[in-house]
Amino acid sequence: MGHENKKQLYRNLLIFTVVTLGSGWIAMWLNVKSTGQPSQGMGILLWLLAPLLVSIILRLFAGDGWKDMGICLNFKNNIRWYVVTIMLYPVLIGFILLLGWLTGCTALSGFCTKGFALFFQLLLAALVGNFFKNIFEEFAWRGYLAPKINKLGWNSFASHIAVGLVWAGWHLPYYIGLLDPTDIHKYTPLNMSVFIPFVFLGLIAASVVYGELRLLTNSLWPALLLHTIGNAIILTLLMENFVSIKTKAHFLFSPSFEGLLMILLCLLTGIVLNRVRVKRM
């Protein structure tokens, strides 16, 4: 890569990162100005749309182009990776719930009282909603940020971590102010001083998996599908009270991104995917 191209790449990455990380705090400020509450108002739309919008602007007007977006499915030669994508979160979440149940830390009573039929109805609705929401996320994270950072020539794990840090930093104002506090309490009993560091670790670990699937398939769609499936299952389980976890064990047995077991399993999965990809090169 020439000096000018590398200078342009760093410049555009800086613009993307600053706009993305600043969008949530600006969104909170706009909400407070209009409603008096950071979690009420239309600011959340700014937060959600900003990463994709700035990536489109950079591709159109700042020389980034569209060739590395990964918009093609590349399904024909990557069927097994799409199978991995579809099965990964159900397997990991099922394993964590089983361990939690066997140790007496997780109760699955919601399935008995509400039934599996309701669970699958809510899960289907969550899959549809999260698919469209995650288009805005993954077209920015794995469609723009990941391939641009990969061009810097860093070690692949360093690249995944860098993407994960920006991704996690973008979530920070969401958890602190944009998300209604009652929803946070439904989602986790953890204090924010504990929850936020675990979320950062969890999103970095997930970024390794998503990033490796992106490199294996040269497509952003596996990451989009994986993100959608994971969000839909986790939110349905936790927000609809199909599972309950003892407060002191939540940091370990939560099936969400911030659960310690999920973090470790994602890291292990990412390492395995990396080894498979490197052997193919």
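Okay, let's start where two helices touch: in α8, residues including Phe198, Leu201, Ala205, Val209 and Glu212 meet residues of α11, among them Leu260, Ile263, Leu267, Leu273 and Arg277. Sorted by type, the residues of this contact come out as 14 nonpolar, four polar and three charged. And before I go on, remember that this is a predicted model.

So how do we describe a pair like that? Two packed helices get an angle between their axes and a distance between those axes. Here, α8 (residues 192-217) and α11 (residues 260-280) pack at about 25°, with axes 8 Å apart. Angles under 35 degrees count as roughly parallel, and therefore α8 and α11 are roughly parallel to each other. The crossing of α8 past α11 is left-handed.

Now for the charges. Side chains of opposite charge can pair when their charged atoms come close. In this contact, Glu212 forms a salt bridge with Arg277, and their closest N and O atoms are 2.6 Å apart. That ties α8 to α11 across 65 residues of chain. Buried or exposed, what is Glu212? Glu212 is buried, at 0% relative accessible area, and Arg277 counts as buried too, at 12%.

How many salt bridges turn up in the whole structure? Seven. Take a look at Lys148 in helix α5 (residues 116-150). Lys148 has a salt bridge with Asp64, with closest N and O atoms 3.8 Å apart, and one with Asp68, at 2.9 Å. Asp68 sits in the loop between α2 and α3, 80 residues from Lys148. At 1% relative accessibility, Lys148 counts as buried. Through shared partners, salt bridges join Arg59, Asp64, Asp68, Lys148 and Lys151 into one network.

Definitions and conventions: Residues numbered from 1 in each chain as written. Predicted model: local features only at pLDDT ≥ 70, side-chain atom pairs only at ≥ 80, totals over all residues. Heavy atoms only, no water. Axes fitted to C-alpha atoms, helices over the stretch in contact; angles between N-to-C directions. Helix = DSSP H or I, 4+ residues; strand = E, 2+ residues; numbered from the N terminus. Parallel < 35°, antiparallel > 145°, perpendicular 65-115°, else oblique. Left-handed = near helix turned anticlockwise from the far one by under 90°. Contact = heavy atoms within 4.5 Å. Nonpolar A, V, L, I, M, F, W, Y, C, P; charged D, E, K, R; others polar. Salt bridge = Lys/Arg side-chain N within 4 Å of Asp/Glu carboxyl O. Buried < 20%, exposed > 50% of the residue type's maximum accessible area, 1.4 Å probe, protein only.
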